[in-house]
Amino acid sequence: MRLARTRRTLLAALFAPLALLAPTTAHAAPAAAAQRPARHAPGETITLPVRNALAELTVADESRAGYSRDKFKHWTDADKDGCNTRAEVLLEEAVTAPEIGAKCTLTGGSWYSAYDDRYFDSASKLDVDHLVPLAEAWDSGASAWTAKEREAYANDLDDPRALIAVSAASNRSKADKDPTEWLPPYAPYWCEYVTNWVADKTRYQLSVDPAEHNALAERLAACPDQPITVTLAR
């Protein structure tokens with residue numbers, strides 16, 4: 001082992017002058033490549049502070065041209081168990097489990113709506129909200145996706161931040177607004193809301209518009225810079 005190292009040292013000393021004579025442009029490409037940020041692949045799980053995650057999102061103007069809610073097929077029953085995505089979220093987030101009847105009809109049970117800090121005793125009083133609304137996703141990159149990709153987004157049960165059961169009133173107040181125009185009525189939830197918003201946009205590599213970026217940065221400045229772990233869907 002030592003002999004091999006000695007030979008390498010002698011060879012390096014021998015060829016070092018030749019290296020100085022080589023064109024410097026030959027080294028430019030590898031140096032530039034080393035400075036590029038790593039590209040992450042779909043399915044990869046990454047962890048980084050939320051403010052760093054926001055900084056890595058593409059900032060771009062948005063366009064709603066061509067948008068229709070019908071272009072995001074939902075609610076589907078992906079596992080064919082008789083309960084669609086909406087029901088699956090309600091079952092997962094129930095504080096007290098409801099009874100499941102025919103065609104996945106839910107009776108009884110109780111739920112907590114984080115948007116407005118309220119409890120509900122009936123599934124009919126709740127909406128299942130797409131944290132980043134379908135229209136906002138369209139504006140931010142989903143317009144270029146396939147119909148199957150939009151369907152997967154609209155029924156994402158793999159990341160618990162993507163869909164959330166909340167009061168119908170708070171969800172309809174939010175509509176398709178981003179954090180520039182709307183934050184949950186319950187202010188103590190703001191940090192979690194904007195952190196999850198960044199996580200969801202990171203998961204789908206969606207862009208943010210300049211005003212949205214500034215609003216998120218302003219809110220996150222007053223929040224813990226907590227790490228988020230995201231499995232990339234795209």
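Angles between axes under 35 degrees count as roughly parallel, over 145 as roughly antiparallel, 65 to 115 as roughly perpendicular and the rest as oblique. This report applies that scheme to one helix pair and then turns to disulfides, a helix cap and several loop residues.

The model is predicted, so local features need pLDDT of at least 70 and side-chain atom pairs count only at pLDDT 80 or more, while totals for chains, interfaces and linings use all residues. Residues are numbered from 1 along each chain as its sequence is written, and side-chain values use heavy atoms, with hydrogens and water left out.

## Overall make-up

The protein chain has 9 helices and 8 strands. Helices (H or I, at least four residues) and strands (E, at least two) are DSSP runs, numbered from the N terminus. Of the 234 residues in the protein chain, 40% are buried. Buried means under 20% relative accessible area, exposed means over 50%, and partly exposed lies in between, with a 1.4 Å probe and protein chains only. A contact means heavy atoms within 4.5 Å. Among contacts between residues at least 6 apart in sequence, 71% join residues at least 24 apart.

## The α8 and α9 pair

Two packed helices are described by the angle between their axes and the distance between the axes. Axes are lines fitted to C-alpha atoms, for helices over the stretch in contact, and angles run from 0 to 180 degrees between N-to-C directions. The axes of α8 and α9 come within 10 Å and cross at roughly 135°. The two helices are therefore oblique to each other. The crossing of α8 and α9 is left-handed, a term for a near helix turned anticlockwise from the far one by less than a right angle, with right-handed used if clockwise. On the α8 side the contact is made by W190, V194, T195, W197, V198 and K201, and on the α9 side by E212, L216, R219 and L220.

## Disulfides

A disulfide is a pair of cysteine sulfur atoms within 2.5 Å. A search of the whole structure finds 2 disulfides.

| Disulfide | Sulfur atoms apart |
|---|---|
| C83 and C104 | 1.9 Å |
| C191 and C223 | 2.0 Å |

The torsion about the S-S bond of C191 and C223 is about -85°, so this disulfide is left-handed. C191 lies in helix α8 (residues 190-203) and C223 in the loop between α9 and β8, so the pair ties together parts that are 32 residues apart in sequence. C191 is partly exposed at 27% relative accessibility, whereas C223 is buried at 8%.

The link of C83 and C104 is right-handed, with 95° about the S-S bond. This pair links distant parts of the chain, 21 residues apart: C83 is in the loop between α3 (50-56) and α4 (85-93), and C104 is in the loop between β2 (99-100) and β3 (106-107). C83 counts as buried at 8% relative accessibility, and C104 counts as buried at 11%. With the bonded cysteines numbered in sequence order, the pairing is 1-2, 3-4.

## D225 and its neighbours

D225 sits in the loop between α9 (210-220) and β8 (227-231). D225 is partly exposed, with a relative accessible area of 34%. Leaving out residues up to four places away in sequence, D225 touches P49, V50 and R51. The C-alpha atoms of D225 and R51 are separated by 6.2 Å, although the residues are 174 apart along the chain. The side chain of D225 reaches the backbone nitrogen of R51 at 3.0 Å and that of V50 at 3.4 Å.

## The α3-α4 loop and α4

A cis peptide bond joins H74 and W75, with omega about -10°. W75 is in the loop between α3 and α4, and T76 is found in that loop too. T76 is buried at 14% relative accessibility and touches N84, T85, E151 and N155, not counting residues up to four places away in sequence. K80 is also placed in the loop between α3 and α4. K80 has a positive phi of about 55° although it is not a glycine, and K80 is exposed, with a relative accessible area of 71%.

N84 caps the N-terminal end of α4, with a side-chain oxygen 3.2 Å from the backbone nitrogen of R86. Within α4, T85, A87, E88, V89 and L90 are buried. The buried residues of α4 pack against β3, β4 (111-113), β6 (126-130) and β7 (163-167).

Terms used: A polar contact is a pair of N or O atoms within 3.5 Å; within protein, one must be able to donate a hydrogen and the other to accept it, and residues adjacent in sequence count only if both atoms are side-chain atoms.
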